[in-house]
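Please walk through this protein model one part at a time. The text begins with a single side chain and then turns to salt bridges, strands and a helix.

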Amino acid sequence: MAEEKWVMMVTAQTPTNIAVIKYWGKRDEVRILPINDSISVTLDPDHLCTLTTVAVSPSFDRDRMWLNGKEISLSGSRYQNCLREIRSRGDDVEDKEKGIKIEKKDWEKLHLHIASHNNFPTAAGLASSAAGFACLVFALAKLMNVNEDPSQLSAIARQGSGSACRSLFGGFVKWNMGNKEDGSDSVAVQLVDDKHWDDLVIIIAVVSSREKETSSTSGMRESVETSLLLQHRAKEVVPERIVQMEEAIKNRDFTSFTKLTCADSNQFHAVCMDTSPPIFYMNDTSHRIISLVEKWNRSASTPEIAYTFDAGPNAVLIARNRKVAVELLQGLLYCFPPKPDTDMKSYVLGDASIVKEAGLEGELPQGIKDKIGRQDQKGEVSYFICSRPGRGPVVLQDQTKALLHPQTGLPK
């Protein structure tokens, strides 16, 4: 290893994911092994992602991390587990141009700087920890020349945040719960890529970007300890749903997909209610959005919109095609208009072309009013994000995107 005070960096972008068959409950708290399989859709990283820069230098005196500009501790077991696992797999790295040579054995004593930024609210039920740990593991694997495939890396990311394992792939992803005690078979696999079902459009209603009162970690623990419904769900319901969902995704069967997605979301929140003490992740606005979608689907000849809610009040609405998505956005903005002083560009984020197509000027078409029914009260939505199924993690070659300074390895 050369003695110069060099800094070597990698910057990666990793998407978040939204489960359509939920993960809720662990059989092993330390290794983060789930009590059931789960399936998710990866969201387009242009709209929802984590950006992470990892750097190594002989001049660093300790491991350090900055999240959204603020330095945080790396002492927690989840960070330590990921760092230990990835360091043990590091290989020789050489940059002849810069005269840098790192041998495999050096990774145990070299220190790291990590900077991470989410382009969406942290801990508000939008799977920020999933994208964050997936990006950390993916970026470090590239920096350290780790020669493992995404499924093998997913087993490391899982030890940071369970859902993180699913963010190492694009498209639709399955997390196999596995049966082995050491968790080596609890890995994610891609079911189909992001081009397989590219008709789908995803609209997220961010009802609250505040940090939730009950974290997913403690909520799961309490559900495992107290909810009989959770035990029934894991043993009897989910195994059959997983098979049906895989079939629906493979065949692009939106009717079955909607039925399964909505039912699984509702059962997950029923489990939360069945927990002692009960956990309330959804609020009145969440319930109004469910009612709107249920009425919409009943008025259509076949289901047009699926809804799912993770551990938070934010609604993830999956429209069967772009035409439905445009009408849905029109309806949502009719029911949940922005405050008078809010600019529409900050109220509807993500895919701006859908906003343009929705033509937000003028009266709402009567056909859409009929689908959503009478809406007497204006609801509280912070903003909307328009997205679609997206690709997995990538390394960004553009050095201007790096979050750390190339000379010092400190935040820019």
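R166 is buried (under 20% relative accessible area; exposed means over 50%, and partly exposed lies in between, with a 1.4 Å probe and protein chains only), yet R166 has no salt bridge. A salt bridge here is a side-chain nitrogen of Lys or Arg within 4 Å of a carboxyl oxygen of Asp or Glu. For charge, Lys and Arg count as positive and Asp and Glu as negative, while His and the chain ends are not counted.

This is a predicted model, in which local features need pLDDT of at least 70 and side-chain atom pairs count only at pLDDT 80 or more, while totals for chains, interfaces and linings use all residues. Residues are numbered from 1 along each chain as its sequence is written, and side-chain values use heavy atoms, with hydrogens and water left out.

Where is R166 found? R166 sits in the loop between α3 (150-157) and β12 (172-175). Helices (H or I, at least four residues) and strands (E, at least two) are DSSP runs, numbered from the N terminus. The side chain of R166 makes a polar contact of 2.7 Å with the side chain of S38. A polar contact is a pair of N or O atoms within 3.5 Å; within protein, one must be able to donate a hydrogen and the other to accept it, and residues adjacent in sequence count only if both atoms are side-chain atoms. Leaving aside neighbours within four places in sequence, R166 is in contact (heavy atoms within 4.5 Å) with residues including N17, Y23, S38, W175 and A188.

Other residues do form salt bridges, and the count comes to 22. One of them joins the side chains of D44 and R388, at 2.9 Å from N to O. D44 lies in the loop between β5 (38-42) and β6 (49-57), and R388 in the loop between β18 (383-387) and β19 (394-395), so this pair ties together parts that are 344 residues apart in sequence. D44 is buried at 7% relative accessible area, whereas R388 is partly exposed at 32%.

K323 forms a salt bridge with E327, with the closest N and O atoms 3.2 Å apart. Both residues lie in helix α8 (residues 322-335), four residues apart, or about one turn. An α-helix has 3.6 residues a turn, so residues three or four places apart point the same way. K323 is exposed, at 60% relative accessibility, while E327 is buried, at 17%. Elsewhere, salt bridges that share partners join D44, R322, D351, E357 and R388 into one network.

Next come the strands. Two strands pair if DSSP finds at least two bridges between them. Strand β7 (residues 64-67) pairs in the parallel sense with strand β11 (residues 111-118), over four bridges. β7 also pairs with strand β8 (residues 70-72), in the antiparallel sense and over three bridges. L67 stands opposite S116 in β11, and in β8 the bridge partner of L67 is K70. The hairpin of β7 and β8 has two residues between the strands, and N68 there takes a positive phi near 50 degrees.

Finally, which residues of helix α4 (residues 216-226) are buried? They are G219, M220 and S223. These residues cover an arc of only 100 degrees around the axis, which puts them on the same side of α4. The arc is that of the directions from the helix axis to the C-beta atoms. Among the elements that cover the buried residues of α4 are β3 (26-28), α5 (228-250) and α6 (254-274).
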